[in-house]
Amino acid sequence: MRETTDILISGGGVAGLAAACAFGSAGFSVICVDPTPPVTDVDADGADLRTTAFLQPSIPVLQAAGLWSRLAPHAAPLQVMRIIDAGGPEPEARLTKDFDASDISDAPFGWNLPNWLLRREMVARLADLPNVSFRPGIGFARMLTRQAEALVTFTDGTQIAAKLVIGADGRTSSVREALGIAARTTRYGQKALAFAVAHDIPHQNVSTEVHRKGGPFTLVPLPDRNGRPASAVVWMETGPEIARLAALAVPAFEAEMTARSARVLGPLTLISRRSVWPIISQIADRLSGPRAVLLAEAAHVVPPIGAQGLNMSLADLSTLLTLADQHRDDPGQPAVTETYHRQRHLEVQARVTGIDLLNRASMAHAPILRDLRAKALDALYSARPVRQMLMRAGLGLGPKGTKTDPS
Ligand SMILES: Cc1cc2nc3c(=O)[nH]c(=O)nc-3n(C[C@H](O)[C@H](O)[C@H](O)COP(=O)(O)OP(=O)(O)OC[C@H]3O[C@@H](n4cnc5c(N)ncnc54)[C@H](O)[C@@H]3O)c2cc1C
């Protein structure tokens, strides 16, 4: 007899594993496949050294998935988002604006966690869920859609029948391809360098974006490392410049990153490897097809600005789970898949467009454009209602804000 499941998740990246935990915790039967087993040790080859800042609305999603109690002890809170313009002749802060979470909420904006640790805790949570089968080492190959199910064939030739297929298999999604859904891609000629640093000046739970040219240099708080304050850094620049920086000897690299940070946390010491990530924007033309939906980077990719990428993905997950829960008898019916597309596509489009604009502003090379950028930041910040509206929009909150209790 052929194996059956409510939910088949293609992709065991952070988004796919989160979806497996969420659907499993909600009582659905789940199979999750990924040809690449997750790396759950920071020192192992292939460990994902990026961090994810989970914004307020993502916390209830992680709580419902049984994950937040595991993650909270390792998280660093983000109370203030500081934006610095260092676009003048010298790489010095010429304009500093603090967006403080207390302006709109009694909770921090979010909590920052290393991606390798997310994978470790998510895999551990799956082991507690007997209704979830995680199968690293095999991938989604193709599917045939029938009236009542999707017949999925894996890369090892085995087959299963699923009521709903979730494509969480990244920016080159095989599920998206199988559905014949096209995606629009914008390339910026940009890459990001991700690494961790220690510094003598405490970060005081402030996340800082320093804008000059080529893209932002972002410092996001981490818990102290060996008794010293620590931060995760994402440094965006043109592809050739990132290749040069990644190849620099450590002392020369430390000197360049300290200068690029406008010395906001004093001298920076490199405490991790450097990993390079390509930067694109991408959006799928549709977020669903027969018996299938696209989630996370299979559906949308944005440059790492304002911690939007995975937070958008958890919003996708929350919408999908609510709809599936309303149709538990058949979570793959059009009332779930079509409604998911309608509820998420416009919102996702608006965010991809907004982050594209922010990224282009941050890349500005010409001094006149950098001056304009500083003026725009100053004007937007000065009007309190506009400032509050921007903070709520960045978090994905409604007009009145939401108070989140992460305990
Ligand atoms: C430098 C940087 C910093 C970032 N910082 C933040 C942040 O602070 N906050 C935030 O919200 N977001 C952030 N993001 C975005 C976030 O990291 C991504 O949204 C997230 O990691 C993508 O997860 P994913 O699971 O969708 O994709 P992936 O991690 O690409 O996972 C896709 C998985 O699918 C698997 N797969 C591929 N083909 C198949 C197949 N045929 N069958 C089954 N599986 C398959 C792959 O092996 C992979 O494991 C950042 C991104 C970058 C580049």
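Trainee: Quick one to start: how many C-beta neighbours does Arg263 have inside 10 Å, and what does that make it count as?

Mentor: Arg263 has 17 C-beta neighbours inside 10 Å, so it counts as partly exposed. On that scale a residue is buried if 20 or more other C-beta atoms lie within 10 Å of its own, exposed if 12 or fewer, and partly exposed in between, with C-beta atoms placed from the backbone. Keep in mind that this is a predicted model: local features need pLDDT of at least 70, side-chain atom pairs count only at pLDDT 80 or more, and totals for chains, interfaces and linings use all residues. Residues are numbered from 1 along each chain as its sequence is written.

Trainee: Where is Arg263, and what is its phi near?

Mentor: Arg263 is in the loop between helix H7 (250-260) and strand E16 (268-270). Its phi is near 55 degrees, a positive value in a residue that is not a glycine. Most residues other than glycine have a negative phi. Helices (H or I, at least four residues) and strands (E, at least two) are DSSP runs here, numbered from the N terminus.

Trainee: And what about the phi of Asn205?

Mentor: Asn205 is not a glycine, yet it has a positive phi of about 60 degrees. You'll find Asn205 in the loop between strand E12 (183-199) and strand E13 (206-211). It counts as partly exposed because it has 16 C-beta neighbours inside 10 Å.

Trainee: Let's zoom out. How many helices and strands does the chain come to?

Mentor: The chain has 11 helices and 20 strands. Its C-alpha trace spans about 70 × 45 × 40 Å along the principal axes.

Trainee: How is the chain divided into domains?

Mentor: There are domain 1 (3-71 + 115-185 + 281-364) and domain 2 (76-112 + 188-279 + 378-395), with bounds from an automatic or database domain assignment. Their centres, over C-alpha atoms, are 28 Å apart.

Trainee: How many residues of each domain are in contact with the other?

Mentor: 17 residues of domain 1 are in contact with 28 residues of domain 2, where contact has C-beta atoms, placed from the backbone, within 7 Å. On the domain 1 side, strand E3 (51-55) gives the largest share, 4 residues. By class, that side of domain 1 has 11 nonpolar, 5 polar and 1 charged. Ala, Val, Leu, Ile, Met, Phe, Trp, Tyr, Cys and Pro count as nonpolar, Asp, Glu, Lys and Arg as charged, and the others, Gly among them, as polar.

Trainee: Now the ligand. Which residues come nearest?

Mentor: Of the 33 residues around the ligand, Gly13, Gly139, Gly170, Ala296 and Gly309 come nearest. A residue joins that shell if its C-beta atom, placed from the backbone, lies within 6 Å of the molecule. The shell has 15 nonpolar, 14 polar and 4 charged residues.

Trainee: Which element gives the largest share of the shell around the ligand?

Mentor: H8 does, with 4 residues; that helix covers 309-326. Both domain 1 and domain 2 give residues to this shell, so it lies between them.

Trainee: What's in the largest nonpolar core?

Mentor: It has 112 residues, and those with the most contacts inside it are Ala18, Ala19, Ala20, Val165 and Leu295. A core here is a set of buried Ala, Val, Leu, Ile, Met, Phe, Trp, Tyr and Cys residues joined through C-beta atoms within 7 Å. Helix H1 (14-25) gives the most to this core, with 9 residues.

Trainee: What does Leu295 touch?

Mentor: Leaving out residues up to four places away in sequence, its partners include Ala15, Ala19, Ile166, Asp316 and Leu320.

Trainee: Last one: does Asp45 count as buried or exposed?

Mentor: Asp45 counts as exposed, because it has 7 C-beta neighbours inside 10 Å. It lies in the loop between E2 and E3. Between the C-alpha atoms of Asp45 and Ser261, 216 residues apart along the chain, the separation is 28 Å.

Conventions:
Two residues are in contact if their C-beta atoms, placed from the backbone, lie within 7 Å.
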